[in-house]
Amino acid sequence: ERAQAALQAANLDLERRVQERTAALVRAHQGVQDNEERLRMSLEVARVAAWEWNLLTGHMTWSTDPELLFGFPHGALGPELRLVPVAHPEDRPLIESAIERALEHGLFEAEYRLVRPDGSVVWITERGRYVRDEDASQRMVGISRDVTAEKRLLGDARQARDEALRQSRLKDE
């Protein structure tokens, strides 16, 4: 009877500890989900998408829909979801050169234009790194950010500065 009572007490204690551990795991899982949602919202507000590019298959995996983020119609980036096919023709050599440098040195950095089907331009800046995994898979991971609004603001500021300088020269003359 004592052994039975001890066994029952041990089972109750074990069950209590399992419930406490389960509750702790549920709280931790909820915290991870909350952090993921915050990150997703931050990326969306910043107009940033994280990506992983499998260099062997050419397929890209994105944290968010790049077509929607960068204002392209569904299917415009093809099944691989790569941006290079819609890059401005003058910028493609720059992108290829940045990829070659990344394969040699590990770091990828590029800024280029994408051309939407309606002819409008989206400026993209990208940063990433080349990763060679133990299983010999090769991939690049990074982020792409829409900097079109910043480019416009910078252009407007330059125009305003140039106009102010012109007006100053006219006044001096």
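Four elements, namely strand 1, strand 2 (60-62), helix 3 and strand 3, each put at least two residues into the lining of the largest cavity. Keep in mind that this is a predicted model.

**The cavity**
- The structure has one cavity of 30 Å³ or more, and the largest cavity holds about 110 Å³ of space.
- There are 13 lining residues, and the ones closest to the centre of the largest cavity are W53, M60, V84, F108 and E126.
- What kinds of residues make up this lining? Sorted by class, 11 are nonpolar, two are charged and none are polar.
- As for how such spaces turn up, rolling a probe the size of a water molecule over the atoms shows where empty space is left.

- About 210 Å³ of space sits in the largest pocket.
- Helix 1 and helix 2 (66-70) are the elements that give two or more residues to the lining of the largest pocket.
- Helix 1 gives the most here, with five residues.
- If you want to find the spot, look for E36, L39, R40, L43, E44, V48, S63, T64, D65, L68 and L69, which line the largest pocket.
- By class, that pocket lining comes out as five nonpolar, two polar and four charged residues.

**Helix 3**
- Helix 3 covers residues 92-105, which makes 14 residues. From first C-alpha to last, helix 3 reaches 20 Å, close to the 20 Å expected at 1.5 Å a residue.
- Which residues of helix 3 are buried? They are I95, A98, I99 and A102.
- Looking down the axis of helix 3, you'd see these buried residues fall within an arc of 100°, so they line one face of the helix.

**L81, in a loop**
- L81 sits in the loop between helix 2 and helix 3.
- Phi of L81 is near 60°, which is a positive value in a residue other than glycine. For context, most residues other than glycine have a negative phi.
- L81 counts as partly exposed, because its relative accessibility is 22%.

- L12 belongs to helix 1 (residues 2-46).
- Is L12 buried or exposed? L12 is exposed, since its relative accessible area is 55%.
- Between the C-alpha atoms of L12 and E134 there are 46 Å, and the two residues are 122 places apart along the chain.
- V141 is part of strand 5, and V141 is buried, with a relative accessible area of 16%.
- Leaving aside residues up to four places away in sequence, V141 touches W51, E52, R127, G128, R129 and V131.
- V141 and E109 are 32 residues apart along the chain, with 11 Å between their C-alpha atoms.

Definitions and conventions: Residues are numbered from 1 along each chain as its sequence is written. This is a predicted model: local features need pLDDT of at least 70, side-chain atom pairs count only at pLDDT 80 or more; totals for chains, interfaces and linings use all residues. Side-chain values use heavy atoms; hydrogens and water are left out. The expected span of a helix is 1.5 Å times one less than its number of residues. Buried means under 20% relative accessible area, exposed over 50%, partly exposed in between (1.4 Å probe, protein chains only). The arc is that of the directions from the helix axis to the C-beta atoms. On a 1 Å grid over the protein atoms alone, a cavity is a set of points where a 1.4 Å probe fits but cannot get out, and a pocket is an open set with protein on both sides within 12 Å along at least five of seven lines; lining residues have an atom within 4 Å of a point. Grid points are joined across faces, edges and corners, and a volume is the space filled by probe spheres set on the points. Ala, Val, Leu, Ile, Met, Phe, Trp, Tyr, Cys and Pro count as nonpolar, Asp, Glu, Lys and Arg as charged, and the others, Gly among them, as polar. Contact means heavy atoms within 4.5 Å.
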